[in-house]
Amino acid sequence: MSIDLESTVLERITPDEKPLISSEVNEIPPCEAGESCNLPTDIVLRSSDGIRFGAHSKNLEIYSDGFPIADSVARSTEDIILPEDSDVVLLLLRFMHHQPQPDLSLLASRLLIKFANAVEKYGVYSATGVYDQPFEVFLYAQRHGYSSIMDKAGKLAITQEPANFFAYAHSIGDTTWRDLAELETHNLPTKEVWEALRQYPDWPPIFGAWYLKREQMREAIFDALKNPSPVLHKGGLMHCADCQYPFLADVLGKMGTSIPSYKTFVQVIESCLPRLNGCTHCNIVVNNLIKSRMYTLDVIARKSLASYLDGDR
Ligand SMILES: [Zn+2]
Ligand SMILES: [Zn+2]
């Protein structure tokens with residue numbers, strides 16, 4: 001859009017600009033947040049350290065969810081006082097422009113956490129980059145007691161680096177976060193979990209518990225493969241060697257070197273399905289196998305590590 005707004009903005013900038021002081025309350029400063037932004041400013045946000053920022057009420061409305069600007073206030077000439085510092089307010093305003101977003105990875109941790117808090121509070125969804133390094137954000141939030149950020153960053157950190165988060169949570173004795181993270185480690189190689197845990201001193205018991213659980217999943221998978229439930233075939237046969245034997249041999253071979261999780265199990269089964277040569281009876285057998293393992297493996301997966309630590313399997 002090329003609306004000619006420049007003249008409107010230029011009128012507001014006097015040639016010898018004086019510092020903005022409170023006596024000039026009615027002046028709305030031009031926008032500092034947009035890159036060569038020439039939209040008119042119609043509202044003033046004042047930071048806790050007294051800096052006045054000219055802003056566009058339309059942008060606040062579009063880019064945020066909870067900015068304290070009701071329609072009634074929007075036309076008001078009074079400054080809107082925010083409890084945030086000027087560096088945070090300026091960042092918020094930058095994210096409320098249609099432009100490349102600032103690189104948040106360059107922010108100092110203290111500013112990042114203050115900003116993250118404001119992003120949550122005002123619902124500035126374009127600033128999701130604040131969680132690009134959720135593990136670090138979690139650590140800062142924890143240190144400074146921002147519980148809602150901790151919660152969000154922790155959940156993201158678990159999906160991004162489950163093994164490291166699992167190990168960290170264990171090292172600080174937080175069993176709630178530890179067990180949440182552990183749920184996401186079931187598809188990881190054993191070595192990755194072991195390497196994450198041994199970054200901290202007290203790793204052997206927890207690794208032992210984790211490994212016992214993994215072995216229990218492996219046993220549950222192989223038990224089922226050894227004894228697939230029979231389905232009556234043509235001619236009264238319980239199993240048909242022609243298709244079922246090559247299929248099971250293939251699955252056993254692949255499963256032997258795979259991670260014993262439900263996800264991997266299903267992937268292995270699917271990759272071996274061509275071995276059944278389209279036999280409908282054996283397909284029923286395989287479907288039953290998957291269904292029964294889904295339930296059994298889920299029960300094991302949800303068992304708390306504490307039960308393995310206590311030696312009560
Ligand atoms: Zn602007
Ligand atoms: Zn068959």
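This is a predicted model: local features need pLDDT of at least 70, side-chain atom pairs count only at pLDDT 80 or more; totals for chains, interfaces and linings use all residues.
Residues are numbered from 1 along each chain as its sequence is written, and chains are lettered from A and ligands numbered from 1 in the order in which they are written.

**Exercise 1. Get an overview of the chain.**

Start with the secondary structure: the protein chain has 15 helices and 3 strands. Helices (H or I, at least four residues) and strands (E, at least two) are DSSP runs, numbered from the N terminus. Next, look at burial: 29% of the 313 residues are buried. A residue is buried if 20 or more other C-beta atoms lie within 10 Å of its own, exposed if 12 or fewer, and partly exposed in between, with C-beta atoms placed from the backbone. Finally, take the contacts between residues at least 6 apart in sequence: 65% of them join residues at least 24 apart. Two residues are in contact if their C-beta atoms, placed from the backbone, lie within 7 Å.

**Exercise 2. Work out how the strands are arranged.**

Begin with β1 (residues 43-46) and β2 (residues 52-55), which pair in the antiparallel sense over 4 bridges. Two strands pair if DSSP finds at least two bridges between them. In this pair, Ile43 sits opposite Ala55 of β2. The hairpin has 5 residues between its strands, and Gly50 takes a positive phi near 85° there.

Now turn to β3 (residues 80-81), which runs parallel to β1 and is joined to it by 2 bridges. Here Leu45 has Ile80 as its bridge partner, and Arg46 stands opposite Ile81.

**Exercise 3. Find out how the buried residues of α6 are placed.**

First list them: in helix α6 (residues 134-144), Pro134, Val137, Phe138 and Ala141 are buried. Then look down the axis of α6: these buried residues fall within an arc of 105°, so they line one face of the helix. The arc is that of the directions from the helix axis to the C-beta atoms. As for neighbours, the buried residues of α6 pack against α5 (109-122) and α7 (147-160). Just after α6 comes Gly145, with a positive phi of about 75°.

**Exercise 4. Track down non-glycine residues with a positive phi.**

Keep the background in mind: most residues other than glycine have a negative phi. One case here is Ser36, whose phi is positive at about 45°. You'll find Ser36 in the loop between α1 (6-12) and β1. Ser36 counts as exposed because it has 6 C-beta neighbours inside 10 Å.

Another case is Asn277, with a positive phi near 50°. Asn277 lies in the loop between α13 (262-272) and α14 (280-302). With 12 C-beta neighbours inside 10 Å, Asn277 counts as exposed too.

**Exercise 5. Is Met217 buried or exposed, and which residues does Met217 touch?**

Locate it first: Met217 is in helix α11 (residues 204-226). Then count: Met217 has 21 C-beta neighbours inside 10 Å, so it is buried. Leaving out residues up to four places away in sequence, Met217 touches Pro260, Ser261, Leu297 and Ile300.
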